Every structure is written in C-alpha cells, then in structure tokens.
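Colleague: I would like to learn how to read a few features from a model. Please take them one at a time, with the general idea before the case.

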Amino acid sequence: MFTSRACIVLRQRKVFFLLVAFIFVLLFVFGSFSNPEDYEKEYPLQLENEQLVICYESNTDYRKSLYATNLPDITDEPSTTQRNNHQPQALQQPVNGTEPVIYFVTPTYPRREQIAEIIRLGQTLMHVPRLHWIVADDTTSCSDVLNRHIRKFGIPYTQLASPMPEMYRARKNAPRGVANRRAALNWIRRNQKKTGVLYFGDDDNTFDLKLFSEIRYTKKVSMFPVGLIGDYGISSPIVRNGRVEGFFDSWPAKRKWPVDMAGFAVSLEYLALSPNATMPFKAGYEEDEFLKSIGLKLEDIEPKARNCTEILVWHTQTKSSKSPTVRISMDRQKLDKLNLGALLRRLESMGVNHISESE
C-alpha cells in the first residue's frame, strides 16, 4: 500500500510541475505577443507604408497686412489656372538674407479646431523673418481648405499629406504627430537643407516671438523651458553656470532626454551628421529617441531663455470636441438668401459642424 501511495504522490507532483511549466510557457508567449510596444525597438527611417505627398509649396515671402485693400480675394479656392498663374508680390521690406532660416514643422490633423489653430499660429509666424513653415497633415489627401488658410499669410511654406500608418493608428495610445514629423525630416533630406534650424511647433502651442531670435543661431541643439507641461506645470533643463546638468520634468519614465517636443531646436548642420536620425512610433518617447538618434551629448546643449529662467513657449492644448450636426428645416434656396447659408457651408468645409435636413 505504501508503494502504491508513493506512486500516486509522484504522479501528482509530476502533473503539478507539468502544469506549472505549461503556465510559464503561456505567460511567456502571451507576454511576447500581446504588447509589442514593450520590446519594439525598430525605428526605420522610412516604412514601406509611410506616405509623403507634397501638396503645395511656395518659396516666395510676400507677407503684408492681411487687411490691405489690394490683397486678392482668397476666401474661395481659385481655379487651377488661376492658382498656377498667380504670382504674389514680394515682401515690401526684405529682411537680411544672411540670417539662418528656421524650418518650423507643424504636425496637424483634421478636426473641428484645426483651422482656428492654424489661423492663430499663422498670425504669430507672420512676424518671424526668414522662416519656412512645413505643415504636415495627417490625411491621405491634400486639403484645399487647409491650404487656403496657410497661404494667405504670405509665409514661405510646404504643405504635406502624411497619414499615420494604419498599423499604428489601431493602437490604444496612438503615436500622433510622428508620421507628420518624419515626413518633414524626409522633406528636409530630399531638398538637401543643410543650413538653418529645425523646430517642431504644434498648432495648439503658444509662442513668444522672442523664441525665434533665441533659436535662430543654434549651433547644435538649444533647449529652453515649456510651460503648462504635466503635473509640475513646467518642463525645463536644469542649468548651473550656463551648462545643462539635468532635467526637471514630471514624467521622466527612464528617458535619457525627458524634454517636451517644443523645448528644443536643432541645427541642420548638426542634424546632417546623423543621416539616419528619425523618430519612433512610440507614444511618449518621440523626443527621447530622436535626440538619441542624432547622438546628442549633455555638453552639446545650449541653454536659451536666459539660462532657462524664462518661458517662451506654452503647451496650451485646445480642448477638442465633436463636431455637431445642425438640422436646418428651412428650404436651402431660402437659406442661401440669408448669410447663414454661406456661413454654415464655410464652417462645414472646415469641419466645425455638419448640416443636415433630417438629423
């Protein structure tokens, strides 16, 4: 009987160990494939399914008052012939042509607030000489509505269509703005822009004009505080005796460079030394991995904004809301006799609302 009982115990132990081993195998397999972001480290320069479409470009600076009486009417999109033959007048008072150009990259995406944000940002950039505005839209097609509002400022610009690849859009924490910025980096490389300064400026941020004179002569990488960031309300380098020693940020997350996207500028000469510099499709780590990819060292950082004691850029973040559907019971012909007809159609073209006769 003792031998029989011992055999039963041994079998039970064997079954137990086999179950434990099976569970460990399941956990390993599940952990390996359920959350690829935990181990994913492939940040290629160009994915096969990334798109970069150059929608519109203008290298002419024809800034003047938006309210000048002799400006052409650009509230409605001109025909293709008119657009191709239109030659805007040059800026009346040209700036010093020796100043480095600032390549201001703005990732954007279609939403109710998009055009309002672009107008606010464009009116800031109108005051900045020697600036090329790269607006990269997260869409598969070129937006004429967006272009209409960009070009009216008279700023040299490039409008790109650069949608996020669907493989990343499906993620719970989608890496927004990455495809846009990667497209801008590729545009800079394609056009062999190797002098000037690169700066990533979102359309919902607020910029002090002093920022642009601060970053224009960046030698390698300049850094400065960004207001309204995280739980601390600020993200900033820590500076002692004119040198950056560390970083003050409420979300360090084991990042080597815990900074905000709006908190640094890069010299294109310095960027050109790293031809494979890129940005990962990994939310929260875009800045860190980009700065790693250009080989940044602590001693390379140039603190701006009076040794990082001033705030020249704010992460204001307009709250987004769903576009409402407006039911119009009035006959369309009667509505068009009122200002509401044209007004509501214009808002609908911007994605601010939708017009319906039934909903």
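Colleague: What do strand 9 and strand 10 form, and which residue in the turn has a positive phi?

Modeller: Helices (H or I, at least four residues) and strands (E, at least two) are DSSP runs, numbered from the N terminus. Two strands pair if DSSP finds at least two bridges between them. Here strand 9 and strand 10 make a hairpin with two residues between them, and Asn241 in the turn has a positive phi of about 55 degrees. Strand 10 covers residues 243-248, and its pairing with strand 9 is antiparallel, over five bridges. Within this pairing, Pro237 stands opposite Phe247 of strand 10.

Modeller: A word on the source: this is a predicted model, in which local features need pLDDT of at least 70 and side-chain atom pairs count only at pLDDT 80 or more, while totals for chains, interfaces and linings use all residues. Residues are numbered from 1 along each chain as its sequence is written, and side-chain values use heavy atoms, with hydrogens and water left out.

Colleague: How many residues lie between strand 8 and strand 9 in their hairpin?

Modeller: Six residues lie between strand 8 and strand 9, and Leu228 in that turn has a positive phi of about 65 degrees. Strand 8 (residues 226-227) and strand 9 (residues 234-240) are antiparallel and pair over two bridges. Val226 has Ser235 of strand 9 as its bridge partner.

Colleague: Now charges. Which residue forms a salt bridge with Asp138?

Modeller: The general idea is that side chains of opposite charge can pair when their charged atoms come close. A salt bridge is counted when a side-chain nitrogen of Lys or Arg is within 4 Å of a carboxyl oxygen of Asp or Glu. The structure holds 14 salt bridges. In one of them Asp138 meets Arg169, with the closest N and O atoms 3.0 Å apart. This pair links distant parts of the chain: Asp138 is in the loop between strand 3 and helix 4, Arg169 is in helix 5 (residues 166-169), and they are 31 residues apart. Asp138, Glu166 and Arg169 are linked in a network of salt bridges.

Colleague: Is Asp138 buried or exposed?

Modeller: Buried means under 20% relative accessible area, exposed means over 50%, and partly exposed is in between (1.4 Å probe, protein chains only). Asp138 has a relative accessible area of 13%, so Asp138 is buried. Arg169, at 35%, is partly exposed.

Colleague: Which residue does Lys220 meet in a salt bridge?

Modeller: Lys220 meets Asp300, at 3.3 Å from N to O. The two are 80 residues apart, with Lys220 in the loop between helix 7 and strand 7 (221-223) and Asp300 in the loop between helix 9 (286-293) and strand 12 (301-303). Lys220 counts as partly exposed because its relative accessibility is 34%, whereas Asp300, at 12%, counts as buried. Back in the hairpin of strands 9 and 10, the side chains of Arg240 and Glu245 form a salt bridge of 2.9 Å, N to O. Arg240 is exposed at 52%, and Glu245 is partly exposed at 43%.

Colleague: How many aromatic pairs are there in the whole structure?

Modeller: Rings of Phe, Tyr and Trp (its six-membered ring) pair if their centres lie within 6.5 Å; planes under 30 degrees apart count as stacked, over 60 as edge-to-face and the rest as tilted. A search of the whole structure finds 15 such pairs. Among them, Phe104 and Tyr199 have ring centres 5.6 Å apart and planes at 45 degrees, so the pair is tilted. Phe104 belongs to strand 2 (residues 102-108) and Tyr199 to strand 5 (residues 197-200), 95 residues apart. Phe104 is buried, with a relative accessible area of 0%, and Tyr199 is buried, with a relative accessible area of 0%. Phe104 and Phe212 are also tilted, because their planes are at 40 degrees, with centres 6.0 Å apart. Phe104, Tyr199, Phe207, Phe212 and Phe224 form one aromatic cluster.
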